[in-house]
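Have the sequence and the 3D view open as you read.

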Amino acid sequence: MDSTVSVSKGCFAFKRKRKGKIPSSVHLSGNLWYQSYKKCMGSSEELLEVLEKKIFTEIFEGLLEYVKKCSSNPETSHTEIPAATLLTGVNMPDHTSLFATLSKSIQQQATPHVATLWARDCSSLKATVERMCSQFMLVPTSDDANDSQDCDNSSNEESDDEKQTKSKINRWHCNLQYLSSWYSTIAAKGNKKRKTNKLSEKFGGKAQSLVVIIPDFESFPAKVLQEFILLLKGYQYRVPFLLVLGVATAVSAVHRSLPHHVSSCLRMKVFHSRPSLAYLNEVLEKVFFLPDQPFHLGGKAFKLLLDVFLFHDFSVMGFVQGYKFCMMQHFHGKDWTVLTCSPEELPSAVKLLSKQDIESVRKLPSVRKHIETLCSKADQISWLKDDTFVKGEIVKLLTNIHKYVHSFFATLKCLNILTCDLPGAPLEKQLRSVYIIASTCDIVKSSELKECMTLLSFLSSDELESKLSEILVILHESLKNGATQMMDVIEKLEGLVAKFKTLWAPVPTTPTKNSQSPSRSPLKAVRSPLKSPSKLLMNVNSRSQLREKLKEMSTHDIKLSPFEKLRTEVLSFLLEEMFTPFLASPQTKPLHELVFFDNIAAVKSHIVGSPRQAMLRGLRDPHFYLDCDCCKLSDLGDILPTLPDVSIVYKLHLESGKLINMFDWLQSFLTIVDPSSVEEEQTEVDPKLQARFTRAVAELQFLGFIKSSNRKTDHVTRLTWC
Amino acid sequence: MGVLDSSFDILCRNGEVKQLVSLLGQPEESIPQCIFISGHKSSGKSYTIHKVLDGLKVHYASVNCVEGYLPRLIFESILSQIKGEILPPTSKCDDVMEFLTSLKVMADEMNLHDKVVVIVLEGSEKLRDMSPNLLPALMQLQELSCLKKVCVVLVSDVLWDKYIPPGGLPPPIQIFFQQYSQSDILKILALDKPKDYPADFYSNYLQLFVAVFLRSCRDITELRYKAAENFSKYCEPILRGEIDMNDSGRLWKHISPHLKTSLQLIYMRFETEKLSSDMDLMKPMDKHSTLSSAAKFALSFELPYYAKYLIIAAFLASYNSPKEDKKLFVKLSGRTKKKVQKSTKNTQTKISSLVVGPRQFDLERLLAIFYSIIEEKPHISVNLLTQITSLVELQLLLKVGNDPLETPKYKCAVGFDFIVIIAKTLSFNVTKYLVDYK
Ligand SMILES: Nc1ncnc2c1ncn2[C@@H]1O[C@H](COP(=O)(O)OP(=O)(O)O)[C@@H](O)[C@H]1O
Ligand SMILES: [Mg+2]
């Protein structure tokens, strides 16, 4: 271990040596990969920002209207405190930015006086009031409660108005009496040099409400909240307050923490925010599933992030952060990732590659596979030897991939439209899940798709037609975005759709028994009560039952109506000329590593942090974190005397049973740390070593591996088994 | 006695007003040290005392004792109200002694020695929780400050017998505010009559309104709010020209369903413009729904997948004793037989723990149960552990004790109905794991 200059012993963080104190961006900007990283990140951040803005304005629209209304005529709310209740959903990590944006928008559009009270700062009524008042009275600066705490009462007490406005408001004054007198001066005079007044002129110079935002209503101590509201109510006729309550669960949570006499101080209005799942879907559609982005998440990485979202926290923010992290990981330190760029930039990017970079590209697994599958020996050799040839090939392959990505996403959307509402949804309902399947395995050959195709072959003509027209819309759009290969498909599909029209024109003259009436629906003519598979399969309970029924149905009618023929034709067209060519998994494409990031091993520990594993690893293999030569272990079971004490003690305790004898433990510790002392059969233990041992045991207890035992003296209980 | 009672213009409180005026309205005679006013919430205590004091034109200060989180704020508020201006920041008044001094100085300055000064302390039951000598000192302010005409009026929702602190205090003059009768309420509500409607039209409406509401609520504040809210609904068909103003029968038919739904939402204080579109508010309205409120609560929001299992695990940990854990969660080894025996015994001997309430459990036990009821085994990641914090934040779990070094202990804050709903969304059978569920 490195030594420290500290006299005391303890845990020290050793920073890796830095080369200089250059800010990291300057430091990095010389690198090739950094340029393309910045471009890529910039474009997604831009998209995200636009989307976020749009979504926030949607959520806040009604709320802001309400705040404006209450704020512009505060006289109406003398009897009750208006309380806008925003139902936010349980995606806790997203709330910080949500309410920061809300506070900003209220300031810009409704009233300059906004205070945000987080439950963690408000453990008592006193703290709550102080925090609120200091935010109101110091409008320009934010987050200064800490500052206001150190300037204590009476020291520099000159109530010089000028000085006060500039310097911090004294904590002594952070109470409602002072606030109300402050408010009356604000309301009376409109010509002071405060920023607030510049703003309030903009709003007509009238007295404005003071908005108090409580973002995490549930975690607010109920008693504090009750008293706080009663207190505000007492001042309401002098100072028009307005509450914004952020409620994560449901409105009834408000009534669970506020008794009648408190809730009757309020006049609540409920606003809903968008469920975060809908928000995520929008983010996916508008930011991630865009074919012209040069960077995509592969199926595995995408699934990892989605799992965190669905299983853990519903946090869109977390998802976005994870995505950004993956992007960083993709680019970081690899100059050949300049190739992750739009197809137009490819030729210039490829010129920047050095010999080494080309070598790294050659080593990519997908490239190796590609080389092996080449049939001509000459090509194989040029791939391995000829750099300029490789550069040319790279451009070709990547251009292909980009084309493929376009058609892939378009086709995926089409597939999703076809299958999302099938009974039982064998191929998932959501595009995001279909994406995971398609990008991790060969979806065309999957049994799910086969099942879907069977189910689809029972669609009624109306359903099929409407689906096809939806598909055509998507395809046209993708064509506009540059999926030129889709041209062909569109033409053929349009031809097929046109056939639907002609289908109805002449009355089919098929001599079916029950077609006495010239029915508009030939399907009805053949199988009258059955219109759609959903109806048909209404009373089917299990998969096996379903399969049987389907089989039965497929063998039933031999005679096919023209519609049925057309339907078969359309479906086989879709399968063979759309899904099969365009839905191959990305992994089959050479150079896919450059466009699809799928290296979850590299990011998993960062995105899904696991403290216990980290701790165990540190104890088992201190070298991993300390990075010193003395702790290098050839085998993780080894115990070197140079390891940190706690690590030695930990490893020894693994060998024991449920109860650990302290004396034996100490002896084994001594054998390792100081072999000579034990050999000499000393009865006296070196007090220094004993102290080290005691401390290491205490540390282990603190970490939760052992606890003292009452059952046997001089024994401790072991708590973990791994 | 110079002031006529009627000039106070306070409905239905004649007795109380008379009493107050006789106590405080005669500056030439001696003034009581302390008056204790009690009565239900919203029975007009504050309203009456303020009106009387305004009418008597005496110096007075009125403070709500919730502000007493710092006693100094009460003192300063009193002083500045008597003085009529905000105190200079230099004057400090941290305890009773300083307050007395300042009060005396102020009395000298303003020549208050033979003027009546009244100090109204609302919500005064809070004073008992503050420093122990505060309440006795305030009750004897006259003696301590040597101001012969100062009187402290304590206003509280609590009766004196319940109010009196353990040490005991000499009982002050007490005035009790009775609850308003139905006719009182009608008279008071009639004060809010909107200008553009005739008085008997409005009183007709109030008759209907009070008939529906009075059984559940006598709180004037709430009744005033609800009356105003429903009156606009009552008038809607008239404004639209559908019902004649004098056709009280049809008006009743029109308003009665509204009144009933409104009664369901009493004290909830929602603005009701878009009530019908609001799913969350619709639920309490359908009376016939058999769901309990906890179940409705569970239905009204979505939790992440693991959070659902965590809350179920917390519930099981709270309502099973740790002794049963092995039997319940170690995979089905002869468990069923024993369980049957156990539960038959339980019904006779013990009260079901579902009735007793949640017991606390530590993190390790929570995680152990979590891992035994969930099929996939997610490893303990930061994300998983933060879910526990999130659940605490949402008040679905309660954290017990706050020693940062001990392993944290929790209690489950939701009941059986809630858990059943959550478990249903996971198709998970909770009752299988509950010892006390027959
Ligand atoms: N006699 C009355 N006449 C008019 N309004 C009244 C009367 N009694 C109560 N109120 C109204 O009822 C509401 C509640 O009264 P309040 O004095 O605050 O009750 P308390 O202080 O007892 O809780 C006030 O808004 C007040 O205007
Ligand atoms: Mg009151």
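This is a predicted model: local features need pLDDT of at least 70, side-chain atom pairs count only at pLDDT 80 or more; totals for chains, interfaces and linings use all residues.

In chain A, 3 strands make up an open sheet, running in the order β8-β10-β9 with antiparallel pairing. From one strand to the next, the twist averages 35°. Helix α32 (residues 662–673) of chain A packs on this sheet and touches β8, β9 and β10 of chain A. The direction of α32 makes about 60° with that of β8(A).

If you want to zoom in, go to β9(A) and β10 (residues 715–718) of chain A, an antiparallel pair with 3 bridges. There, Ser708(A) stands opposite Val716(A) in β10(A).

## A parallel pair: β1 and β5

Elsewhere in chain A, strand β1 (residues 81–87) pairs with β5(A) in the parallel sense, over 7 bridges. One spot to look at is Ala84(A), whose bridge partner in β5(A) is Lys269(A). Strand β5 (residues 266–272) of chain A is largely enclosed by the rest of the structure, because 5 of its 7 residues are buried.

## Cysteines

How many disulfides does the structure hold over all chains? The count is 0.

Take Cys630(A): its closest cysteine sulfur, in Cys628(A), is 3.6 Å away, too far for a bond, given the 2.5 Å cut-off. For Cys12(B), the closest cysteine sulfur belongs to Cys217(B) at 16 Å, so that's too far for a bond too. Cys630(A) counts as partly exposed because its relative accessibility is 25%, and Cys12(B) counts as partly exposed at 21%.

Key. Residues are numbered from 1 along each chain as its sequence is written. Chains are lettered from A and ligands numbered from 1 in the order in which they are written. Side-chain values use heavy atoms; hydrogens and water are left out. Two strands pair if DSSP finds at least two bridges between them. Helices (H or I, at least four residues) and strands (E, at least two) are DSSP runs, numbered from the N terminus. Axes are lines fitted to C-alpha atoms, for helices over the stretch in contact, and angles run from 0 to 180 degrees between N-to-C directions. Contact means heavy atoms within 4.5 Å. Buried means under 20% relative accessible area, exposed over 50%, partly exposed in between (1.4 Å probe, protein chains only).
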